[in-house]
Amino acid sequence: MGSRPRTRTTRTLQAARDRLMVGAAVAAPHPAAGEPAPRGRRQPVPPATQPRRTVLGVRLPLGPARRPRWPRVVLAVIAVYAVILTASDIVRLVALDRQIAAVSAQVAQVNAHEAVLRMEAAALQTPADIADTARRWLGLAAPGDVVFTPVAPGH
């Protein structure tokens, strides 16, 4: 009929100041008939009466609970990973910038050469200019021309 199972609670007794005590646990007193029963939440022990923790007979100061270290470790690993990825991306971007600068220099050189060739092509618009260039650069001769070829001495 709605009866709750009984829970067993324990409390640690404070050790005597003159000797070390590993710790003892006793059952908590049951509330009297007129007192309300505690409801699931434990009442904090005032700081003056807090028991001292002991490990193998050595008293340890009882302070606030330490936060776990693993979230900080995970955060540090993620931060290091992000820094490494960022650094590798920066190195790759610098290399690509250098390649872009080299290709831009080549494009400028090709454009300058193209401008020179366009000027030469514009200069070769008449048949006389074309025949003169053919004689100079290709060694061609017009019909009736006499061609002299220099020969090295001793031949």
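**Notebook: salt bridges and surface patches**

I began at Asp 89, which is partly exposed, with a relative accessible area of 37%. My scale calls a residue buried under 20% relative accessible area, exposed over 50%, and partly exposed in between (1.4 Å probe, protein chains only). The areas themselves come from the Shrake-Rupley method with a 1.4 Å probe, and for residues only the protein chains shown count as cover.

I noted the ground rules next. This is a predicted model, where local features need pLDDT of at least 70 and side-chain atom pairs count only at pLDDT 80 or more, while totals for chains, interfaces and linings use all residues. Residues are numbered from 1 along each chain as its sequence is written, and side-chain values use heavy atoms, with hydrogens and water left out.

**Entry: the overall layout**

I looked up the secondary structure. The chain has two helices and four strands. Along the sequence they run β-β-β-β-α-α. Helices (H or I, at least four residues) and strands (E, at least two) are DSSP runs, numbered from the N terminus. I also checked burial: of the 155 residues, 3% count as buried.

**Entry: the salt bridges**

How many salt bridges does the rule give? The count comes to four. The rule asks for a side-chain nitrogen of Lys or Arg within 4 Å of a carboxyl oxygen of Asp or Glu.

I returned to Asp 89 for the pair in helix H1. Arg 92 forms a salt bridge with Asp 89, and their closest N and O atoms are 3.2 Å apart. Both residues lie in helix H1, three residues apart, about one turn of the helix.

I then moved to helix H2. Asp 132 and Arg 136 meet through their side chains in a salt bridge at 3.3 Å, N to O. They are four residues apart in helix H2 (residues 127-138), so about one helical turn separates them. Asp 132 is partly exposed at 36% relative accessible area. Arg 136 counts as exposed at 55%.

Which residue forms a salt bridge with Arg 135? I found Asp 145, with the closest N and O atoms 3.4 Å apart. Arg 135 lies in helix H2 and Asp 145 in the segment after H2, so this pair ties together parts that are ten residues apart in sequence. Arg 135 is partly exposed at 39% relative accessibility. Asp 145 is partly exposed too, at 41%.

**Entry: Ser 88**

I stopped at Ser 88 in helix H1. A polar atom of its side chain lies 2.8 Å from the backbone oxygen of Leu 85. I count a polar contact as a pair of N or O atoms within 3.5 Å; within protein, one must be able to donate a hydrogen and the other to accept it, and residues adjacent in sequence count only if both atoms are side-chain atoms. Ser 88 is partly exposed, at 33% relative accessibility.

**Entry: the surface patches**

I looked for patches last. They are made of residues with over 30% relative accessible area and no salt bridge: like charges are joined within 9 Å, nonpolar side chains (Val, Leu, Ile, Met, Phe, Trp, Tyr) within 5 Å. Lys and Arg count as positive and Asp and Glu as negative; His and the chain ends are not counted. The place of a charge is NZ of Lys, CZ of Arg, CG of Asp or CD of Glu.

Arg 66, Arg 67, Arg 69 and Arg 72 form a positive patch. I found Arg 66 in the loop between strand S4 (58-60) and helix H1 (70-123). Arg 66 is exposed, at 66% relative accessible area.

Trp 70, Val 74 and Ile 78 make a nonpolar patch of about 340 Å². Trp 70 lies in helix H1. Is Trp 70 buried or exposed? I read a relative accessible area of 60%, so Trp 70 is exposed.
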